[in-house]
Amino acid sequence: MTTESIIRMEAVNKWYGEFQVLTGIDLSVRQGERIVICGPSGSGKSTLIRCINRLETVQKGRIVVDGIDLTAGGKNVDAVRAEVGMVFQQFNLFPHLTILENCTLAPMRSRGMTKAQAEEVAMKYLTRVRIPEQAGKYPSQLSGGQQQRVAIARALCMAPKIMLFDEPTSALDPEMVKEVLDTMIGLAEDGMTMLCVTHEMGFARSVADRVIFMADGKIVEQAPPGEFFSNPKDERTRQFLGQIL
Ligand code: ADP
Ligand code: MG
């Protein structure tokens with residue numbers, strides 16, 4: 001099973017109007033694999049991972065996620081959303097709901113859980129991200145790092161098979177980055193399949209099985225972190241690493 005791809009993108013091309021944002025993307029991800037995606041702003045990183053839970057559609061190519069063909073028609077959206085959790089740069093919590101309610105809403109609506117069941121699951125994951133005591137508060141009463149941990153817990157309440165992270169620490173004050181990265185490291189250690197767009201190269205080094213560098217809508221190169229950082233092959237990768245390291 002572990003050699004089987006849980007995500008398969010084949011010759012994926014996407015345009016926004018005239019502008020080609022993804023060009024010939026081929027990407028296979030094994031179950032349990034941890035991938036870090038980096039690259040300059042505008043290179044298509046967000047678009048790429050948003051295709052995996054069908055927040056974006058593509059005009060050409062094939063995307064199959066856990067056996068669900070996303071390029072075969074609209075009816076597979078709900079199925080894939082139930083399997084793929086996503087965490088954004090801006091935490092996207094519902095401001096008018098408590099932390100607990102943020103976590104129980106989707107499981108009650110789309111997993112058919114009772115309130116009691118959903119609350120039990122929510123408390124389990126809020127405990128796991130180490131903020132069970134915040135359950136009754138509203139998002140605005142929490143720090144950015146705490147809100148992002150709630151966003152992670154909320155995604156986990158849906159029991160996803162895959163977690164997507166789009167620059168989850170970019171909007172955080174520096175002192176809160178570590179608590180969120182530590183939460184993500186914990187998830188990785190538990191065997192979650194993860195794709196993380198991040199420029200936290202320390203995280204990439206310690207957690208990633210593979211680092212992917214994108215530029216101009218293409219995967220320019222990919223390698224295990226040791227090789228990626230010590231021996232980047234493409235000039236654009238070297239330049240990028242030179243700027244951020
Ligand atoms: P990254 O995450 O690497 O910064 P994005 O995937 O967000 O890159 O965007 C890639 C390019 O596509 C950028 O030039 C961006 O301006 C453009 N783009 C992103 N979303 C849209 C959209 N909804 N409509 C038009 N252009 C877009
Ligand atoms: Mg982005």
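Q: Why is arginine 210 called buried?
A: Its relative accessibility is 15%, and buried means under 20% relative accessible area, with exposed over 50% and partly exposed in between (1.4 Å probe, protein chains only). So arginine 210 counts as buried. Bear in mind that this is a predicted model, where local features need pLDDT of at least 70 and side-chain atom pairs count only at pLDDT 80 or more. Side-chain values use heavy atoms, with hydrogens and water left out.

Q: What makes the contact of arginine 210 and glutamate 33 a salt bridge?
A: The N to O distance is 3.0 Å, and a salt bridge asks for a side-chain nitrogen of Lys or Arg within 4 Å of a carboxyl oxygen of Asp or Glu. The pair links distant parts of the chain, 177 residues apart, with arginine 210 in strand β9 (residues 210–215) and glutamate 33 in the loop between β2 (19–30) and β3 (34–38). Helices (H or I, at least four residues) and strands (E, at least two) are DSSP runs, numbered from the N terminus.

Q: How do you know whether glutamate 33 is buried or exposed?
A: Glutamate 33 has 4% relative accessibility, so it counts as buried.

Q: What makes arginine 236 and aspartate 216 a salt bridge?
A: Their closest N and O atoms are 3.8 Å apart. Arginine 236 lies in helix α9 (residues 235–244) and aspartate 216 in the loop between β9 and β10 (218–223), so the pair ties together parts 20 residues apart in sequence.

Q: Why is aspartate 216 called exposed?
A: Aspartate 216 reaches 56% relative accessibility, so it counts as exposed; arginine 236, at 36%, counts as partly exposed.

Note on methods:
Residues are numbered from 1 along each chain as its sequence is written. Chains are lettered from A and ligands numbered from 1 in the order in which they are written.
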